[in-house]
Amino acid sequence: MQFPPAQAAAGVLLLVFETIQKVEANRDGCYRLAERCLAILMDIRDHMMDRWDSAPPSLIKALSKFEGTLQSIHDFMKQEAQLKWSVRLMRKASVELALKQYHAALDDAARSFQIATLINIHLAVEDANARSKASKTAHAGEVEGGSSNRVSTLPLPPYTSEPVAMSDVENLCSSPSPESATVHGSFTGTGTRSTISSISSSYEILSNGSMDSDLSVVSEMEDYRITEHHGFPQYHQSQFHMKGKSRIKSGWWAGGIEGDLEGRKSLMLRYEGGRRDAMKRWMRDVKALQNVYHPNLPQMIGYSNDETPTPFILLANVQTRLPQAMLLDAIKNASLAECTQLLLRFYRDTLDAALYLQRQRSLSDSKLQDYVEHADYRIDAQQTVVMGLPPPEVDNFESWRNYGLGDSIRNIYLHILPNRGYAREPVDARNQIETVERQVKISHLAVLARALLPGTDDLEVVKKRLQRVVSAEDEEDEEAEPAHMSLRQIRKAAFAAELEHEPWHRNTVPPHKFSVGDLGYLPQSCDDWNDFVVLCNVLQEGTFNLDTFNHATGRQGTWANHFYERQDITPFELPGGINAWPVVVPPEAEHDVYVFQETVASRLNQAWSYLLNAGTALAQHHNVKPEQLILVTRVGTEQRFKVRDLRKIQYWPASTTTQSHRPMGGFSGHQQHGFPGHFGHQHFGTGAGMPVHGQDLSPRMLYLFTSSDKHYQAHFSDKPFPTPLRAGEKPAELNPHAIKCFAYPNGTYGFLDYVQLHAEDFAD
């Protein structure tokens, strides 16, 4: 080629082809990429044949950027060629993704040629119109239709030292369209050729006087230009040297590529998709990030210039990963106290960033929660949580909530826990994947997170609680690093802030075996509470005072219209701690009755604090480990009963009217019992016919008597008061023949709550 900028690009492309000879894995993909570069270069040569001297500066600039892209491709292939064949084979997927990214870069280069050409044509048209007006003023008396051979002297091209004379616009735009050269090889760059050939066709469109539609493209691009840069520099994609591939697949950070920008590590976020939609999203994010600066929000260092076909932004946040990944790494390698402080720091920083964003953008409380709940969070190289921007559709949300910002942030970080912040017991026997030690650690972290992460609507209360728990540094030194706190200190700070710790819960234990205040342990590697060893009862011995109260609830349920319907039952209390439960039983009904009776410790933090303070001494006294000690804080029973009405309802047949089957003077005996074909037993809800008159369809009223005393025998009665019983006497059972009803117990189950600390709570 006789054109110096094109010669430089061609020289780099020759180096690319030479390097491919040394590549074995992905050689076909490399050839396709190189042949596509060759196709672009050949098209440029064909369209600019014998017209290099009139090449506009924008074309030279586009060729320079294309040369930079070729140089990046050459460097990449040279690096891959130097690796061992086995290493390249292991990185096959990474290489293929990099090739796709370079294909996208070539698309950008091709589009940049087209955009640059359209802009030059637009400027040429304006210059021609201006000269035409000046010519008419100077030659007002000339014969109409005369031609003018005006010559305008243009500035010297950067690659020549002689003046260049350019003819009028008509001669400039009348450009031949030679056929594109055929590129040797199996790859045909259809998309690239169609883009490059549009450069030539643009000249023909101008000469035919139909350029308005093409100029509208340029006008539309101008609508999405950033006019106020606020000191942020603009870059072209060729100035960014990619390293590796994107590991982020979804969310605002999706497709983020790490690389070097002028010797500085940065992250590029490209806005793919349709041109209009991509530019809208890009402009929205650029304008948002221009006006925010917070360590926990994305740090923008620049963005794409107007000549870049695929818009992008550049961020200082590199080596990012999900908060889940960092938390899992901490669970594996750090202490439970450090994991807890990490979660608290995530919460505090997110709250601070959210309130800053609300002030900067004048967001309502509801819109702020929309932003927080739909944002994507990453952890950067400085171990800082960064809240990404929410998707554009969030701007159009209209939402209402009955909880505040504290709850929104709390739920975000509870859900990143491996158990999503929910743990019933320290160890789940059904979990065969995690080790016991890891399960205990995760479960305690979930309980601590639920207690320590504030969920109140009062943000001032939230800040005070975080200040008490997160760190113990001097409040006047705002830049001081948080002091390391042990797990014991964190718990005591939580107790001082009156943050309630939830207890562990066991829903299957022997009924009536345990009492509130029981202190004991389970043998090592044992999960059967039948083997629970009770050491003492701290309430009965008087070593610990814990307020308790009794509570009883009940409900009855039955199947109706293919649904299981439940209804609460309210008891009335009788002397001696007896509860009477009224149970209404319609004809043919079959009900399940559930009664829950429990004794509960009123202030759980007292139990946690007692075990934390006295655990070491109690463990030494009973020769067990302090983390094995279990203090029961709630005991209860679930009693189940079955009630079945024995009455059968007789219905008139659906095909027979009441009048035709109603005898004078009432019903006869055989009609009341029904005959086949005339009367029969049908269930409620069938709609077959009306019930036969004269039947007893009134609901039965039964009374169930229960007590939390394990020696009391629960029983049914048709009277609202229990019959006094002598010692050892059993209550009378219902007579089903008299009341047409069965009622009997269907099982009794026990449950309890307890507190148990972690071994780290007792570490020195």
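**View 1. Helix H16 meets helix H18.** In this predicted model, helix H16 (residues 487-496) packs against helix H18 (residues 604-622) at an angle of about 150°, and their axes lie 11 Å apart. Since angles over 145 degrees count as roughly antiparallel, H16 is therefore roughly antiparallel to H18. The two helices cross in a left-handed way.

**View 2. The residues between H16 and H18.** On the H16 side, look for Arg488, Arg491, Lys492 and Phe495; they meet Asn605, Trp608, Ser609, Leu612 and Asn613 of H18. By class, this contact of H16 with H18 holds three nonpolar, three polar and three charged residues.

**View 3. Helix H10 meets helix H11.** Here helix H10 (residues 323-333) and helix H11 (residues 336-361) pack with their axes 9 Å apart, at an angle of about 160°. H10 and H11 are therefore roughly antiparallel to each other. Their crossing is right-handed.

**View 4. The residues between H10 and H11.** H10 brings Pro323, Met326, Leu327, Ala330 and Ile331 to the contact, where they meet Cys339, Leu342, Leu343, Arg345 and Phe346 of H11. Sorted by class, the contact of H10 with H11 has nine nonpolar residues, no polar ones and one charged.

View 5. As for disulfides, the structure holds zero.

Conventions: Residues are numbered from 1 along each chain as its sequence is written. This is a predicted model: local features need pLDDT of at least 70, side-chain atom pairs count only at pLDDT 80 or more; totals for chains, interfaces and linings use all residues. Side-chain values use heavy atoms; hydrogens and water are left out. Axes are lines fitted to C-alpha atoms, for helices over the stretch in contact, and angles run from 0 to 180 degrees between N-to-C directions. Helices (H or I, at least four residues) and strands (E, at least two) are DSSP runs, numbered from the N terminus. Angles under 35 degrees count as roughly parallel, over 145 as roughly antiparallel, 65 to 115 as roughly perpendicular and the rest as oblique. A crossing is left-handed if the near helix is turned anticlockwise from the far one by less than a right angle, and right-handed if clockwise. Contact means heavy atoms within 4.5 Å. Ala, Val, Leu, Ile, Met, Phe, Trp, Tyr, Cys and Pro count as nonpolar, Asp, Glu, Lys and Arg as charged, and the others, Gly among them, as polar. A disulfide is a pair of cysteine sulfur atoms within 2.5 Å.
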